[in-house]
Amino acid sequence: METSPDSAPCLLEVRGISKSFGAVRALQDVDFTLRAGEIHALLGENGAGKSTLIKVVTGVFPRDAGIVRLGGAEVAPRSSKAALEAGIATVYQEVNLLPNLSVAQNLFLDRQPMRFGIVREGEMRRRAKALLAEFGLDIDVAAPLGSYSVAIQHVTAIARAVDLSARVLILDEPTASLDRHEVEILFKIMRQLAGRGIGIVFVSHFLDQVYEISDRITVLRNGRLVGERETASLPRLELIRMMLGRELAETTSARAPASEQQVREICASFEGYGKSGYVAPFNLELRHGEVVGLAGLLGSGRTETARLVFGAERSDQGQAKVEGAPVRLQTPRDGVRHGFGYCPEERKTEGIVAELTVRENIVLALQAKRGLYLPLSRREQDEIAARFVKLLDIRPPDPERPVGLLSGGNQQKVLLARWLATSPRLLVLDEPTRGIDVGAHAEIIRLIRELCEDGLALLVISSELDEIVTYSDRVVVLRDRAHVEELQGEAIDVSNILAAIAADNSAVAQEGRP
Amino acid sequence: MKGLPPVLITAIVLVAGFVLCALQFPNIASTRVVCNLLTDNAFLGIVATGMTFVIISGGIDLSVGSVIGFTTVFVALAIERWGMPPLVAFAAILALSAAFGAAMGAVIHLFDLPPFIVTLAGMFLARGASFLLSTESVPITAPIYSTVSDFALRLPGGGRLTAVAIIMLVIVIGGALLLQLTRFGANVYALGGSRVTASLMGVAVGKMTIRIYMLSSLLAGIAGIVFSFYTGAGYSLSAVGVELDTIAAVVIGGTLLTGGQGSVVGTFLGVLIQGLIQTYINFDGTLSSWWTKIATGVLLFAFIALQQVMIALARRPAVRPAGATS
């Protein structure tokens, strides 16, 4: 029963699902098939559309197009509660149970065994104990759920879902906060449930775990279906190519040969820099006029590196130097003071202030750098805003427009402008082209190159490997929260990066994490 | 087992306080004083029982003091001026206050408003309405009032367990059973844990919210009737600020202000602690009665600080790996 044959009955069929949020197309014509008794991994980088797909299937988001069939009958739940009633249960990374109630109450909330209007506490506990025993748990079910570890809470959530006669169980990053031993318990339970004919969707970014547990893999990228494969016959390199690569043909040719050999001045350097449990110590040199790309899978430590470099996270080892002089980078303020800028990945939550105008967003960092007592006059603000709207071609060219009304690409430009206004020496860009349409994509890349030619040092994170290849002078490859390889010059191409990412590392996979 | 449950701490404080008071004034340790304490705080115990449900569910009800005030005025006028039979007047005011609470609950749920604001509006509304009915104190002379006031179970030691004290004890016990033993009670805790999660798990959040505030206002109405028995009059300024005493009793009783944890028994102990302080001050005779407020304030601070410590302790084991729990 380890792998389910193709002949297994089709349990959940998703056909032609599309979903847009405003101008952003989060899902385009996606198919997904889950067979009874199989463990099916749903993979993709950030923004690939995994969560959106789950939320559309479980009725959290309404869908724009497509159908969902469960056991042959079409279903269209309007809420996750309705989905649960239909037999599709989701257990999120953040356990959706009530930590203040007892384990037994959590399992039987709103369906407790009753007699004469009174909850039969003893009977409920007995049933709860029996239910959890099926999952190999023997705990005091009268204790509050919050007093147990996350792993037990996960198992409780799964037990509740299964007991509510779920036929499809969606586990969204269930292992993210579990240790190795707990993961094994969870996997045992998953196999057991699959053996009972329940279809399990397993969303995770730990590839070793995916290979360990799943029968089949579906990969999404940029809201589209890349393909469905049997795990056993899918080499790791091929999987990573599916997750990251685009049309590989166009890649290396687009690379700018212009600035190759000249030795550039070091802008900032990091020696043995790191934070235990966050990113392993690394050496990194950033030079003026050079783009360094950070490549790796989701969770490999790319964003973590960027945050350390900027000072958004405190390092606990190593030495940072700016223009050769040792510096302390402990807070974002330190970063700003040394002329660093950081455009985070989560534009909406960490970057732009949607209600403020383009002008106000652009002057934000500059004002912060100058301090509260040296306000920028309105005239200065207008000048700066006008200059960057023109320079970066922000459209519509209206500095008084609230940023929230701009397209993703233009929001990204406003963010860039905010940091450029502070005349930084180093700019860190985390996924600068995420969620941006193709035209704006090229434009952002052009901007990155231009900035670089003006002597700025750039550290760019991207999941789009061909993009990284296009603009990077050097590429640092990360895996399991460590820098594993640095590619230069001719060596920079997509297949080399893929090879570095895919190098087998099952031994270190779990131990590297906190 | 990590530390003492908050209720137990409240019980220890009460017993220790009682022993200390009894050492100084041996007369305090008599059924007479204890029964008086129950009688004097009967209305507080009733309204605090309702408030316990509201606070455990993650809400707050600021309107209860005004509902008590309105009830006393309404009952006095209905019996004395409008010629209603007392029992009809009681039924009418209870229906009215239950409807008032249901309306506040509905507004909180439907418009997704903070309970603080909605019940604050309810507080002004009820207080204003009672002034509209009458601005002066209306004495109640109906025979049932003297009957009820005279009724008491005589206890050994000279104590008289009055009718209002009995009503309060029945409500406290009933409330405790409702909270601990029924599905309604479990849902109250669920709501206090997280409204979103509770709704995902199938709890009818809207219906629950309406019922919880209905219960609180209904009990405030009963407390109002009890208050009119106690004072023998209806007055629009009665029970001003009682909502705050009530919240204090609930919190001292170990209920988390953020919801999700607490008990009716604890609240009852909290009411008794406040009553004990008042009794001590009466016995002393030289202290200003405002010392009650100061002592209550100090106790409140102590209990809130204690709760924060308990929460911090409760969070810690969650990060330990599986198997470490017992």
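**Exercise 1.** In this predicted model, determine how many residue pairs are in polar contact between chain A and chain B, and describe the side of chain A that touches chain B.

*Solution.*
1. Between chain A and chain B, six residue pairs are in polar contact, with both residues at pLDDT 80 or more.
2. On the side of chain A that touches chain B, at least two residues each come from α2 (80-86), α3 (103-108), β8 (118-119) and α5 (150-163) of chain A.
3. By residue class, this side of chain A holds eleven nonpolar, ten polar and six charged residues.
4. A search for salt bridges across the interface of chain A and chain B gives zero.

**Exercise 2.** State the area that chain A and chain B bury between them, and find which three residues supply more than any other three of the area that chain A buries against chain B.

*Solution.*
1. The two chains, A and B, bury about 2,200 Å² between them.
2. Carbon and sulfur atoms account for 57% of that area.
3. For chain A, the three residues are Leu98(A), Asn100(A) and Asp110(A), which supply 23% of the area that chain A buries against chain B.

**Exercise 3.** Classify the aromatic pair of Tyr145(B) and Phe229(B), and explain why the pair ties together parts that are apart in sequence.

*Solution.*
1. The whole structure has 15 aromatic pairs over all chains.
2. For Tyr145(B) and Phe229(B), the distance is 4.6 Å centre to centre, with 35 degrees between the planes.
3. Stacked would need planes under 30 degrees apart and edge-to-face over 60; this pair is tilted.
4. Tyr145(B) belongs to helix α7 (residues 143-150) of chain B and Phe229(B) to helix α11 (residues 205-231) of chain B, so the pair ties together parts 84 residues apart in sequence.

How values were computed: Residues are numbered from 1 along each chain as its sequence is written. Chains are lettered from A and ligands numbered from 1 in the order in which they are written. This is a predicted model: local features need pLDDT of at least 70, side-chain atom pairs count only at pLDDT 80 or more; totals for chains, interfaces and linings use all residues. Side-chain values use heavy atoms; hydrogens and water are left out. Buried area is the accessible area (1.4 Å probe) that two parts lose on being put together, summed over both. A salt bridge is a side-chain nitrogen of Lys or Arg within 4 Å of a carboxyl oxygen of Asp or Glu. A polar contact is a pair of N or O atoms within 3.5 Å; within protein, one must be able to donate a hydrogen and the other to accept it, and residues adjacent in sequence count only if both atoms are side-chain atoms. Helices (H or I, at least four residues) and strands (E, at least two) are DSSP runs, numbered from the N terminus. Ala, Val, Leu, Ile, Met, Phe, Trp, Tyr, Cys and Pro count as nonpolar, Asp, Glu, Lys and Arg as charged, and the others, Gly among them, as polar. Rings of Phe, Tyr and Trp (its six-membered ring) pair if their centres lie within 6.5 Å; planes under 30 degrees apart count as stacked, over 60 as edge-to-face and the rest as tilted.
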